[in-house]
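Have the viewer open as you read.

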Amino acid sequence: MKIIASYNIKGGVGKTATAVNLAYLSAREGYRTLIWDLDPQGAATYYFRVKPKVKGGTKALVSGHQDLDDLVKGTDFERLDLLPADFSYRNMDLLLEDNKRPTKQLQKLLAPMAIAYDYVFLDCPPSISLVSENVFRASHALLVPMIPTTLSARTLAQLQDFLEGHDGLGKTNLMPFFSMVDRRKHLHLHLMESLPQSFPSFLKTSIPYATEVERMGITRMPLPAYAPSSNPVTRAYEALWQEIKAGIKGSAMWATAG
Amino acid sequence: MNEFDQAYLVPDGTDLQGIKDALEARCRIGEDEPRHLLRRFHDTFDWSLYLAGGVLEERIDGHQRVMMWRDLNDEVPVLACELDRDLGFAADLPPGPDTERLARLLGIRRLLPLLDVHSRILTWRLLNEDDKTIARLELEQNRYDDKARERQGPISTRLRLHAVKGYEADFRDTARLLNEELGLSLVRTELLLEALASAGRKPGDYSSQLNFRLDPDRRADATTKEILLHLLNTIEVNVPGTRDNLDSEFLHDLRVAVRRTRSALTQIKDVFAPDVVEQYKDAFGWIGEFTGPVRDLDVYLLDFNAYQACLPEPLRPHLEPLRDFIHAHYGEEQKNLVEHLDSKRFRDLLRDWRAFLEAPVPESSVVPNAMRPVMAVANDRIWTMYRRVRKEGRAMTPASPAEDMHELRKSCKKLRYLIEFFDSLYPKQEVRQLVKLLKVLLDNLGKFQDLAVQADHLREMAQRMRDEDRASTDTLLTMGILVGDLLEHQHRAREEFAEIFAGFDSDEHQGLFKSLFDAQKRQGKGA
């Protein structure tokens with residue numbers, strides 16, 4: 001089982017679209033896939049038409065009293081399941097704090113799911129917190145979608161500092177990529193050229209900005225489920241998925257985790 | 001069937017719209033485009049998967065091609081994997097721990113397609129207020145297609161209800177509606193079995209084993225015809241697979257049935273006119289002869305890995321030219337075999353033999369055993385043959401020539417076949433024990449003879465390979481080591497003989513033979 005997180009300190013950069021669309025592509029390819037909506041706002045849960053509710057709330061979940069598998073909901077797509085969001089996830093930090101090894105709790109909760117799933121996608125809330133640290137430690141790949149702006153570049157540097165400053169996180173398989181790219185904007189093009197030079201792990205695929213993606217909120221389904229491969233954004237997600245898969249296989253973490 | 005995956009039978013004439021309306025009264029329904037599913041069922045010719053309680057399906061659903069191995073009457077597969085190749089021998093299966101179990105069941109037999117079931121599937125998705133799918137129903141309209149026998153037709157329509165994870169309560173509600181309100185009952189018959197029955201086929205209807213239920217008081221000639229007719233059926237049913245060389249067991253079973261036929265003809269003595277016996281003994285001898293060369297090559301190919309394994313590691317690759325040589329000559333021998341099977345002589349032989357066997361026995365016969373009850377004839381023949389085996393075996397010394405061992409082996413085989421023909425006339429357990437005993441003895445005698453024949457044949461092949469310039473010095477030397485090894489094993493078999501025969505000839509076993517087959521003793525007992 002490989003765990004892939006979609007994360008950024010900033011909000012509104014396409015984290016949920018990334019997690020939802022890649023999870024869909026993974027399942028479509030035949031992998032048993034789970035997506036865990038860790039964001040109390042529950043956007044991924046909404047896209048899959050599932051009620052944002054977890055029995056017993058975060059407390060039961062984090063304490064281990066509730067089996068993760070019992071909370072899973074089947075989506076409308078074969079091999080793709082969802083662990084829904086719950087509004088109580090906003091308190092997850094506090095509850096994680098109460099545990100013996102607060103930064104490895106998520107990893108522990110997910111371990112038994114290895115029997116049932118090949119890929120697990122984590123749709124993370126923005127911010128940097130104990131939840132994020134749990135995510136970093138559990139993941140085989142940390143996807144960071146970012147809009148090519150100066151502020152985004154700053155947050156990526158912040159994230160890298162954070163990872164390097166924490167024991168055991170220095171080797172996190174960081175995979176930043178450009179999202180919501182508008183090729184008419186000079187600044188976007190400029191940053192897309194310069195930024196990957198300072199971050200060699202930058203993925204080559206970028207996701208263009210398109211109203212088609214915004215329609216996910218209306219259709220309430222992953223983009224490739226309603227926009228065929230002839231659509232350039234669907235094609236971009238497909239290319240992104242192939243690049244990520246190859247990147248996970250080649251990473252140093254592959255040998256030890258999973 | 002899993003708890004959250006159920007199939008209901010939809011009787012002919014059911015109002016399908018009525019089912020949909022009843023569901024729609026409860027919740028909204030999303031309908032997917034109808035799709036086509038092809039299930040191709042496979043098994044070996046001797047039904048090894050079916051007899052082990054399993055079903056192997058190749059499913060073609062849209063662009064997906066999957067192999068599923070499951071238990072009969074259970075939709076949840078033991079093994080399911082993508083299929084990127086055609087099914088055939090065990091070695092062709094996708095690798096993995098579960099396929100190893102499957103491979104063990106197949107042994108050396110090839111998977112053959114049994115028949116196809118085509119399904120037109122209409123999917124109804126039960127939706128909640130968010131238009132989320134909470135359960136799936138698949139209406140499956142089925143047709144079987146038995147291509148080999150050119151038969152096809154409809155089979156029962158099934159309605160499959162699948163749960164969506166996390167929405168089990170909705171599944172239970174729907175199940176209740178289908179069952180209690182719409183009166184649909186769960187499917188009890190495995191799809192494969194229903195399709196086979198519709199195609200007029202009986203699963204498990206082929207076995208190379210003999211399984212007669214004989215009437216002890218019936219005339220011996222009529223009973224012998226019954227035995228021979230069964231053997232003729234076995235020969236005939238194996239001809240197409242032998243012809244197409246689907247796997248080596250077709251030819252093997254055919255040859256065993258031919259040998260048994262000759263044995264029944266000559267060993268169930270004096271039930272048919274002598275000229276009939278002579279004519280067909282020779283005719284079936286001819287089949288034994290022309291089928292021999294391909295069988296010899298099959299044996300080499302089947303044992304090839306074992307041959308290699310008994311050689312020191314560095315020498316093993318030197319044996320490969322022998323495999324190539326066998327393959328190179330295989331086609332020629334197989335062609336020759338097919339020509340014989342297609343010949344008028346062969347066809348006429350089987351036709352005339354069948355006509356003879358199917359003709360009623362004459363009302364009265366002067367042939368001495370013809371009209372006696374089969375039980376009496378069986379006792380006589382088995383008892384006589386047993387005494388011959390005993391006599392020949394007891395006379396064997398370490399200095400006895402190989403020919404004596406061959407003679408003993410032939411007598412043992414005759415005895416075994418006789419007991420197997422007539423086993424239903426005797427207590428099951430005792431007869432089984434004796435056959436087992438004979439198998440041990442035959443195994444030893446077989447090793448002694450076959451290993452010597454193989455060693456001779458290998459020498460012959462080495463010579464031919466040299467003549468055809470197909471063997472290097474290393475290959476010839478390696479074959480020499482192999483010949484030495486075979487002869488060593490043969491020698492060991494000879495040494496073990498005395499002890500194995502003593503086990504066969506123990507007081508206990510003598511008593512058992514006597515009590516079962518000695519007519520005088522049986523009469524003394526009032527049997």
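## Domains of chain B

The centres of domain 1 of chain B and domain 2 of chain B, taken over C-alpha atoms, lie 41 Å apart. Their contact draws on 5 residues of domain 1 of chain B and 7 residues of domain 2 of chain B, where two residues are in contact if their C-beta atoms, placed from the backbone, lie within 7 Å. On the domain 1 side, those residues divide into 3 nonpolar, no polar and 2 charged. Here Ala, Val, Leu, Ile, Met, Phe, Trp, Tyr, Cys and Pro count as nonpolar, Asp, Glu, Lys and Arg as charged, and the others, Gly among them, as polar.

For orientation, chain B is divided into domain 1 (5–198), domain 2 (214–371) and domain 3 (373–519), with bounds from an automatic or database domain assignment.

## Where the chains touch

Chain B gives 8 residues to its contact with chain A, and chain A gives 7. The chain B side divides into 2 nonpolar, 2 polar and 4 charged residues.

## A helix pair

Helix α6 (residues 220–243) of chain B packs against helix α10 (residues 344–358) of chain B at an angle of about 150 degrees, with axes 10 Å apart. Axes are lines fitted to C-alpha atoms, for helices over the stretch in contact, and angles run from 0 to 180 degrees between N-to-C directions. Helices are DSSP runs (H or I, at least four residues), numbered from the N terminus.

Which residues of α6(B) and α10(B) make the contact? From α6(B) come B:Lys225, B:Leu228, B:Leu229, B:Leu232 and B:Glu236, and from α10(B) B:Leu350, B:Trp353, B:Arg354 and B:Leu357. They divide into 6 nonpolar, no polar and 3 charged.

## About the model

This is a predicted model: local features need pLDDT of at least 70, side-chain atom pairs count only at pLDDT 80 or more, and totals for chains, interfaces and linings use all residues. Residues are numbered from 1 along each chain as its sequence is written, while chains are lettered from A and ligands numbered from 1 in the order in which they are written.

Key
Helix = DSSP H or I, 4+ residues; strand = E, 2+ residues; numbered from the N terminus.
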